[in-house]
Amino acid sequence: MEQKRIKIKDLLVSKEYGSEVNVKGWVRTKRGNKQINFVALNDGSTINNIQIVVDVPNFNEDLLKKITTGAAISVQGKLIESAGSGQSVELEATTIEVLGVADPEKYPLQPKKHSLEFLREKAHLRFRTNTFSAVFRIRHAMAFAVHEFFNKKGFFYMHTPLITGSDAEGAGEMFRVSTLDAKNPPLNEDGTINYKEDFFGKETNLTVSGQLEGELGAMALGEIYTFGPTFRAENSNTTRHLAEFWMIEPEMAFYDLKDNMDLAEEFLKYMIKYALDNCMTDLEFLSKRLQEEEKGKKADERSMELIEKLRFVLDNDFVRLTYTEAIDILRNSKPNKKKKFQYLIDGWGADLQSEHERYLVEKKFEKPVILTDYPKEIKSFYMKQNDDGKTVGAMDILFPGIGEIVGGSQREEDYDKLTARMKEMGVPAEEMDWYLDTRRFGSATHSGFGLGFERMMLFVTGMGNIRDVIPFPRTPKNAEF
RNA sequence: UCCUUCUUAGCUCAGUUGGUUAGAGCAUCUGACUGUUAAUCAGAGGGUCCUAGGUUCAAGUCCUAGAGAGGGAGCCA
């Protein structure tokens, strides 16, 4: 009689030697000789494999031939203490069933190391590798940690729309949503497209941010957060941009900028701690992988060991400084004086380039930095205008190796100041009447921020390319699978 | 979008100044081996040298265009 299936993760810590169990999974490797075969089997529950010991004379030769890398098999067997070194337990097979064969001539994943670029082209199968199964188990844990953190704090998870009728969010190029015939759209008399005929009777796009809707929720429920997909049609080709990514956007009534920073720092540390507490075997694997990869580099070019890096961020306060202070530090910095920066800092007002952010985070302070109070000219219309008339209550959190991971602000709560700023920046107030109602009726101090989930994933897993921390990346010219 | 590097076997790569039949490691297959750990050893099969033009007696190698990929920059999360 077939036993109930046990997951390999549970089996590996089981001490019930002699018990009959069933495991199902995918073959990683098979090796051996005419008398004995060893099959490394993985079912995705853990990065570790169970070693199946096959006494060859007891099995049909054709059956054993079908057990190749990638095949799905079901094994009935006896759990025993391993006779070899390298694992503590193994499964002595009594019956084996091949559930699905994998032609070794055609199966793309070979029992050897593959490049991340190659696996990106095989994104539908890369879950079956150690690296990607580790990354996506951690991704699950991080998503769970997001909800756990906010739920514990009494925040409400709010679903903001993915299709938006507003094009004033001001966070970048948008993807049009339309059911009109692209070849023959209905036209107005002046030749422009008549969107009154479209599905929603107006121009609609995929959301670039749930923030504005999130503010509506916060100004009633108190503290809310969103966690959902976000779409940007920017032609960005970098290791840290996606056209479709997941963003977490908390929005809190009665929080000022400092409260906002405190929450963001606590949140980031919570996620890191969650990974350390729950994903250690996967982190250890990724750390080892990273170190192998960096073996070729010089000692001073190597990054801090992954787990050490996570603990370091967890144990240290983030540096907090204003934009103005940052400019002073940068202006007097060695690379600026020696003209090593590509963009030299000479005055106040310009946006920081990534070389400047990297200097602050990786050279000067060597820990995460929260920059606040940016010039109003380089920030969005909804940010709280400071009393100096020059800066706004913005805060960006910069992480080593990643750059900007969080962008947030205290929101402008004053109706007159907000509308004046919208006018200056050409934001159409008529379309935003619903948003302005929060300032008309019961306005109050409130703040929020956005965290790019995949950027957090980059940091926690130590992966170098954002395409490798989301199952099916969408980037310019690429929407496979 | 800009700058830059790359595209040769299933994978990772080598291929000299333009010159005979394009190589290696791994993977695959076959064989050997009674406990292997990326098993080991021996052998075999495997090529649209990214695509299209061009220069030349002769192009994987030089030139032009295109496609795709990596890295960096900008935009940002």
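How many of the nine residues of strand S10 are buried? I started my notes there, keeping in mind that this is a predicted model.

**Entry 1: strand S10**

I looked up S10, which runs over residues 223-231, and found eight of its nine residues buried. By that count I put the strand down as mostly covered. I took buried to mean under 20% relative accessible area.

Next I checked what S10 pairs with. Strand S6, residues 156-157, runs parallel to S10 and is joined to it by two bridges. I picked out one partner pair here: Tyr157 is bridged to Tyr225 in S10.

Then I turned to strand S11, residues 244-253. S11 and S10 pair in the antiparallel sense, and I noted nine bridges for them. Glu223 has Met252 in S11 as its bridge partner.

**Entry 2: helix H7**

I moved on to H7, a helix of 14 residues spanning 280-293. From its first C-alpha to its last it reaches 20 Å, close to the 20 Å expected at 1.5 Å a residue.

Which residues of H7 are buried? I wrote down Asp282, Leu283, Leu286, Ser287, Arg289 and Leu290. Looking down the axis of H7, I found that its buried residues fall within an arc of 165 degrees, so they line one face of the helix.

I also wanted to know what lies over them. The cover on the buried residues of H7 includes helices H3 (116-121), H4 (130-152) and H6 (257-278), along with H8 (306-315) and H14 (453-461).

**Entry 3: RNA strand B**

My last stop was the RNA. I noted 50 residues around RNA strand B, and the closest are Gln51, Ser85, Thr238, His241 and Arg455.

- The side chain of Glu105 has an N or O atom 2.8 Å from a sugar or linking oxygen of RNA strand B.
- For Asn237, an N or O atom of the side chain is 2.8 Å from a base oxygen of RNA strand B.
- At Glu404 a polar backbone atom is 3.0 Å from a sugar or linking oxygen of RNA strand B.

Several elements give two or more residues to the surface near RNA strand B, among them H3, S11 and helix H11 (354-364). Which element gives the most to that surface near RNA strand B? I found S15, with four residues.

Definitions and conventions
Residues numbered from 1 in each chain as written. Chains lettered and ligands numbered in written order. Predicted model: local features only at pLDDT ≥ 70, side-chain atom pairs only at ≥ 80, totals over all residues. Heavy atoms only, no water. Buried < 20%, exposed > 50% of the residue type's maximum accessible area, 1.4 Å probe, protein only. Pairing = 2+ DSSP bridges. Expected span 1.5 Å × (residues − 1). Arc of directions from axis to C-beta. Contact = heavy atoms within 4.5 Å. Near = heavy atom within 4 Å. Polar contact = N/O pair within 3.5 Å; in protein donor to acceptor, adjacent residues only side chain to side chain.
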